[in-house]
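Subject: Model handover and interface notes

Hello,

Please find the model below, followed by my notes on it. Could you read them alongside the coordinates?

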There are 4 protein chains.
Amino acid sequence: MTEIGIGILGGGYMGKAHAVAMAAVGAVFDTALRPRLEMVCATTPASAERYRRAYGFQRATDDWQLLVNDPKVEAIVIASPQQTHRIVAEAAFALGKPVFCEKPLGASLSDSRAMVAAAEASGCSNMVGFNYIRTPASQYARRLIADGVIGEVTWFRGEHTEDFYADPDTPATWRTKGEANGTMGDLAPHMINGAMALIGPITELIAEVETVHTDRPGGRVTNDDQGQMMCRFANGAMGQMFFSRIATGRKMGYAYEITGTKGAIRFDQEDQNTLWLYLSEGDDATRGFRKILTGPAHPDYLPFCQGPGHGTGYQDQILIEARDFLRAIETQTPVWPTFEDGMAVNQVIAAAMAASKKRSWQTVSTF
Amino acid sequence: MTEIGIGILGGGYMGKAHAVAMAAVGAVFDTALRPRLEMVCATTPASAERYRRAYGFQRATDDWQLLVNDPKVEAIVIASPQQTHRIVAEAAFALGKPVFCEKPLGASLSDSRAMVAAAEASGCSNMVGFNYIRTPASQYARRLIADGVIGEVTWFRGEHTEDFYADPDTPATWRTKGEANGTMGDLAPHMINGAMALIGPITELIAEVETVHTDRPGGRVTNDDQGQMMCRFANGAMGQMFFSRIATGRKMGYAYEITGTKGAIRFDQEDQNTLWLYLSEGDDATRGFRKILTGPAHPDYLPFCQGPGHGTGYQDQILIEARDFLRAIETQTPVWPTFEDGMAVNQVIAAAMAASKKRSWQTVSTF
Amino acid sequence: MTEIGIGILGGGYMGKAHAVAMAAVGAVFDTALRPRLEMVCATTPASAERYRRAYGFQRATDDWQLLVNDPKVEAIVIASPQQTHRIVAEAAFALGKPVFCEKPLGASLSDSRAMVAAAEASGCSNMVGFNYIRTPASQYARRLIADGVIGEVTWFRGEHTEDFYADPDTPATWRTKGEANGTMGDLAPHMINGAMALIGPITELIAEVETVHTDRPGGRVTNDDQGQMMCRFANGAMGQMFFSRIATGRKMGYAYEITGTKGAIRFDQEDQNTLWLYLSEGDDATRGFRKILTGPAHPDYLPFCQGPGHGTGYQDQILIEARDFLRAIETQTPVWPTFEDGMAVNQVIAAAMAASKKRSWQTVSTF
Amino acid sequence: MTEIGIGILGGGYMGKAHAVAMAAVGAVFDTALRPRLEMVCATTPASAERYRRAYGFQRATDDWQLLVNDPKVEAIVIASPQQTHRIVAEAAFALGKPVFCEKPLGASLSDSRAMVAAAEASGCSNMVGFNYIRTPASQYARRLIADGVIGEVTWFRGEHTEDFYADPDTPATWRTKGEANGTMGDLAPHMINGAMALIGPITELIAEVETVHTDRPGGRVTNDDQGQMMCRFANGAMGQMFFSRIATGRKMGYAYEITGTKGAIRFDQEDQNTLWLYLSEGDDATRGFRKILTGPAHPDYLPFCQGPGHGTGYQDQILIEARDFLRAIETQTPVWPTFEDGMAVNQVIAAAMAASKKRSWQTVSTF
């Protein structure tokens, strides 16, 4: 058991989630590497100190370079705004330090490409934070498909929908400005990553992206509220996706339906402990979608609880990520999703934005 | 209370449904016109006689012209194959007889146009058989949207999915031949009609239509297994639709989700007695999709049962159609959906087939 | 195909349901006997005439004896208040006429006993109207249990809950007076019958029955609002039941859960087209309750629709009853549930009322 | 921020859960007291050392007295078998150390009484581990009822059902021996505690407890498989409960339904992030059970995640307990549920066991 000093950039939503995960991951997974919460970086000394104290870090700073350069900081978690991802990652890799970066990888496709190059040049462990696909249910869905349990996949439908901007009177903030903070930048990456994890690469697509509420109290909205997509996967399956931050009533609508020739799968993150599975086997009269509750028989569930149906939650996904990141560092083996996988998501998004502007089908590989 | 002689073409799936509906509609709805099951027409004298006896018709024939011309047949229900729709309807209108025609209206857009022209020239009552939109739940959904209860509609998702051809080993039959019997011809019309009823006209669309299983025991498949669509409605809302006869696990997947600025609606025909409604009102902590069970407070439920939640079924939708058709005849007032409405569905399908072939957005009004 | 003249007592809720069923049953089930709506009886000449016209009966009367005695009335359906059941049934049997009687059979256990005796003495066909157990889903549940698919039954939970008296300000009416109109008289019989159909005879029980809202606008309430029961079945299974007319939010809460050693079943009449089935077979990871949609593979579904998941409704249950009654008459073979079966339900209720008063376990066979 | 040394007895199922909770609670809740994992005690030196290393404790022992007496162990968590609870708690209280004890409090009612006495004599903080009632959903349910949102409660149904012994071929172990390890000892306490938290004290009850599978591979079963109960609450509400470890298909069936005069609540731990709420308000047509997803608007959710519907899991309940225990110590104020509350649960169970043996209603206060 070896300690490893962790530095986290950002102490808000995701920064806290990663801090908690690093505090608990050892006890949950009996990891070989044990994180030490070494340093947290935030925008002001006061907020950094507040996070330090609250989450139990040793030290705090408002200077990201200081954190990256600190010799006791041996691995970096980037949970700061998207425009900072590239510069931080490049600095860390230059020092030979492993990096876990929140999604989307780069604020743009070119940033992502540069980050992949830096990661590969350094040989350092690198991962991107697509947490939702790490639930026991979604991991199990991946395995079922890979094992051919539902046959050949013929159709996929995915969505990432929430409603935090559904009310047109919700004021404009930094979230309503900048492509990277719009629905395609902020929400779509999760489901695009999920779709590729479940079905494989996306080869062609057509999309529509729009800002429904262009003016909000406090200013003009300069990024998108919703986007829809039709696509083809490399394996020939058709697919549809939808992304929205104005999907009234939807709170965590990371949801998918997958049709195969021998079965079907349905999942909705709002009921993250359930996977619905239909199998075309046995008597017609007994066929139906099964409500499978996750349990010790499913991936990465047992460390959280010995009882099936007892359930894991949002924070547990981040813990699984932390375990994977530590394992990548310890074993010096890439763990999915690497920066390369994160870049592939940016590529699909770039193709979608182009398809929306040009109103025509786009080949993803040309981006 | 006046009797009216009904002639039905076809005694199979839909022919039976309409015969039962005509037998029961008077008792259920206390209609002014009371149907008399006058004559049924089928492909052979033997099958016609079998239907006559089973459903309780006065007479049977295998000659559709004889049925249409019979003076005691005062209204015609067309439940025969799609290629027969036009010729029968035109003959009936020529004699001044009202026609109820199963969906899709014509086997092609030009057939539908001719049928609309004939209907209008005759001044006779005319209706198309889109039964699913007539459940108390879907009628109520229409009303909620029309009344602005969920605000401005920003997104629509619809599907009509079944799995009767999901198994690649299911043999080829007449259903796997001819565009009108494919998924776009047979299943899509229901949901396209539903989408237009709920949201309004579709102005632009792009689609993909494909045959997944091109060879089946017994022969080559010459029509489509599934189709997907993205569209814009006249009111500006975005939409996605999906149609499939190979949607493993789906039995009656006539389902839709509608997002508005003040609420949202979800419906799935597999649970036809439930409408899910979300309203952005009251305390955040108490908000959620409501599982509303249909009851006497909803359209056309009370005649079937005084108790809420007691449920209506498939056959009841056909009864509601019969009531509407009788009412149209009695009052000499068009009742939705008329042939005009049926033709509008063919138009959307024609645009979708073109969009799939040309791989580009199409303007519906140009078809 | 032979006609049979039907006389119905009562034209309200259940009277209408039976009239509609008799109008449609021939066309749906191709029955050997074809009902003719001969005569309806209601409390006043005006209401009787109104029902006659609305439902399409030949004649109307306000004198039940006239209906029973009429030679063209060849079979009787009793859908009048419970205190009338016995006298009407006895008169019909005396004339050798088959009787279908709405539940509960008699207004009291002794009435029911007398009715059974009269039925048996006459040799006439006799049935009781427990409609809910006749859905395709519940018929299929019975078959699964009988076939041992879920193993030995170890536990049963049933309820019949509605909320039409949940609001304490709902006025007193005839429904709030008289034991036979209370929850134990009016709602409990359905689920007690269902429990016995599914699991077998109830041997012992203890119960609590109470009037929660003793005073309502318009007067004092003299019958019960809710009742709960624990019981043992002859096969050794434990059980719990609950009955309520004040179950806020419940509209048609005829629901049960059945645990067996090899599987489990769940059903709720509010989703009457779904049966939930769990089977302890296969890999742990793939086990879950299956949402089975009723379809042609399930009992008595196909005559209503060829498509699975298309759904049957409340009225269809009454149609199935009508088919069974006609079949009993035609074949001169008893069809479940006979008056004997109806009496067994009254016996359980009598034991429950005694258990509640004496606050002790009761042996059902002693009643 | 002050450190506090934690000693945990037991390193298995619950011991691990509490170790993880103590590792993460500070970062999640920004607690004033910060736990230090000081010592873990297990049955052998090897297992204790294994737990120490895995969970990150400073020290390990197989001697519980050593742990209790160690001056750096400032608070004790008892997660060892039930027969050990009393002796450990008494020793800890004698030293003035706060104790958190897993449920059920004592292995018998008299043990529990002694533990309450010792706790009160010492003035030390004391809590019992009823974790399920601590989900945001169940906490919110408590609040809704307390605030009168659903009116007067008229009925309650609760269950704690799992199926880990549903298969008769599952071998006998320590879990199938000893009343405290049976269903009434092991599972029932959770729901009885829940029922009292939600509705209030139980005054009278009748119950049936039984061993369905008396012989298992490996030996005779000497404790109960399932138990059912009917009861009255102090507020007059009727209730039913059911407990089972052989409930085929149920994984975490901690579930309840609560009927009030103005609304109703439904909850199932298998979907722990959802609370179903029905309110008798507004238009009849819009009423239905709302599927409320827990979020920042609900108790104790926000520290885990800022997004609604993102979900909490099993381990998070233990974290909430840890926060409460630390708060009780810090503020020297009793936090529900104290040993007194735990003892009240044992009392109800004692009454239930007597009711089952004597087959008669029992008054809880006489136990």
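First, the conventions. Residues are numbered from 1 along each chain as its sequence is written, and chains are lettered from A and ligands numbered from 1 in the order in which they are written. This is a predicted model, so local features need pLDDT of at least 70 and side-chain atom pairs count only at pLDDT 80 or more, while totals for chains, interfaces and linings use all residues; side-chain values use heavy atoms, with hydrogens and water left out.

Chains A and B

Chain A superposes on chain B by a rotation of 180° with 0.0 Å of shift along its axis, at an RMSD of 0.0 Å (least squares on the C-alpha atoms of residues with pLDDT of at least 70 in both). The two copies are therefore related as by a two-fold rotation axis. In chain A, the C-alpha nearest that axis belongs to Ser360(A), at 3.2 Å. Both copies use the same surface, since 100% of the contact residues of chain A recur in chain B.

Contact here means heavy atoms within 4.5 Å. On that basis 45 residues of chain A and 45 residues of chain B take part. The pair buries about 3400 Å², with carbon and sulfur atoms giving 54% (accessible area, 1.4 Å probe, lost when the two parts are put together and summed over both). In chain A, the residues that lose the most area to chain B are Gln228(A), Met238(A) and Thr248(A), together 18% of what that side buries.

Six salt bridges are found across this interface (a side-chain nitrogen of Lys or Arg within 4 Å of a carboxyl oxygen of Asp or Glu). One of them joins Arg232(B) to Glu208(A), with the closest N and O atoms 3.0 Å apart.

Strands are DSSP E runs of at least two residues and helices are H or I runs of at least four, numbered from the N terminus.

Chains D and C

Here 45 residues of chain D are in contact with 45 residues of chain C. The buried area is about 3500 Å², 53% of it on carbon and sulfur atoms. Gln228(D), Met238(D) and Thr248(D) lose the most area on the chain D side, together 18% of what that side buries.

The count of salt bridges between chain D and chain C is six. Glu210(C) and Arg232(D) form a salt bridge at 2.9 Å, N to O. Polar contacts between chain D and chain C number 20 residue pairs, both residues at pLDDT 80 or more. On the chain D side, β11(D) gives the most, with seven residues.

Annotated domain

From an unreviewed UniProt entry comes the feature "domain: Gfo/Idh/MocA-like oxidoreductase N-terminal" at residues 5–130 of chain A; such annotations may be inferred rather than shown by experiment. Over residues 5–130 the chain is 46% helix and 23% strand, with the end C-alpha atoms 23 Å apart.

Regards

Terms used. A polar contact is a pair of N or O atoms within 3.5 Å; within protein, one must be able to donate a hydrogen and the other to accept it, and residues adjacent in sequence count only if both atoms are side-chain atoms.
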